[in-house]
Amino acid sequence: MEHCSKFMIFRITNPIGHTNNTHTVVNYFIKNIIEKHKFEVWKKASRNIIDLDDMYLICNEILQQNMFTNSTVNIANLKNYSVRYIIQCIEKHFGINGNYSL
């Protein structure tokens, strides 16, 4: 910010979608469920996730409309999801029960 006359910083929540990045929280769950590795889940944990394509559309629109110049913009879903719900959705999608403890 100090070195640019015009900037925009996007602070992004947890994007999900087709990616080779194995270090996202959702990919961590998927990997452990598919490979049947045991992992721990906090009962009250939640995550804010956003579809990668939606994130792109939002960021692109902001850039194309030249909105929020010289600002930091938070890009997030309006809703947080419990980690247990996210895991249940992954289990249902793959038809595999995860090996986790609460």
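Predicted model: local features only at pLDDT ≥ 70, side-chain atom pairs only at ≥ 80, totals over all residues.
1. Largest nonpolar core. The largest nonpolar core has 13 residues, and within it F29, I87 and I90 touch the most other members. Two elements, α1 (25–34) and α3 (83–94), each give two or more residues to this core. Contacts of I90 illustrate the arrangement: beyond its neighbours within four places in sequence, I90 is in contact with V26, F29, I30 and I33. A separate core of six residues lies apart from the largest one, and its members include I50, M55, I62 and I75.

2. Burial along α1. The buried residues in α1 are V26, N27, F29, I30, N32 and I33. The elements that cover them include β2 (14–16), β3 (38–40), β5 (49–51) and α3. As a general point, an α-helix has 3.6 residues a turn, so residues three or four places apart point the same way. In α1, V26, F29, I30 and I33 are among the buried residues, and these four are also the residues that I90 contacts once its neighbours within four places in sequence are left aside.

3. The end of α1. I34 has its place in helix α1 and, at 40% relative accessibility, counts as partly exposed. Leaving aside neighbours within four places in sequence, I34 is in contact with F94 and I96. I34 and H93 are separated by 59 residues in sequence, and their C-alpha atoms are 11 Å apart in space. K36, which follows α1, has a positive phi, near 55°. A reader checking the backbone may wish to view this residue.

4. Aromatic pairs. The count of aromatic pairs comes to five. One of them joins Y28 and F39: the ring centres are 6.1 Å apart and the planes stand at 80°, so the pair is edge-to-face. Because Y28 lies in helix α1 and F39 in strand β3, this pair ties together parts that are 11 residues apart in sequence. The two partners are placed as follows: Y28 is partly exposed, at 41% relative accessibility, whereas F39 is buried, at 3%. The rings of Y81 and Y85 have centres 6.0 Å apart and planes at 20°, so that pair is stacked. Y81 is partly exposed, with a relative accessible area of 22%, and Y85 is partly exposed at 41%.

5. Aromatic cluster. Which residues form one aromatic cluster with Y28? The cluster consists of Y28, F29, F39 and Y100.

6. T24 lies in the loop between β2 and α1. At 16% relative accessibility, T24 counts as buried. A polar atom of the T24 side chain lies 3.1 Å from the backbone nitrogen of N27, and N27 is itself among the buried residues of α1.

7. T13 is found in the loop between β1 (8–12) and β2, and is buried at 16% relative accessibility. A polar atom of its side chain lies 2.5 Å from the backbone oxygen of N48. Beyond its neighbours within four places in sequence, T13 is in contact with N48, I49, I50, I75, A76 and N77. Of these, I50 and I75 are among the members of the core of six residues.

How values were computed: Residues numbered from 1 in each chain as written. Heavy atoms only, no water. Core = buried A, V, L, I, M, F, W, Y, C linked by side-chain atoms within 4.5 Å. Buried < 20%, exposed > 50% of the residue type's maximum accessible area, 1.4 Å probe, protein only. Helix = DSSP H or I, 4+ residues; strand = E, 2+ residues; numbered from the N terminus. Contact = heavy atoms within 4.5 Å. Phe/Tyr/Trp six-rings, centres within 6.5 Å; stacked < 30°, edge-to-face > 60°. Polar contact = N/O pair within 3.5 Å; in protein donor to acceptor, adjacent residues only side chain to side chain.
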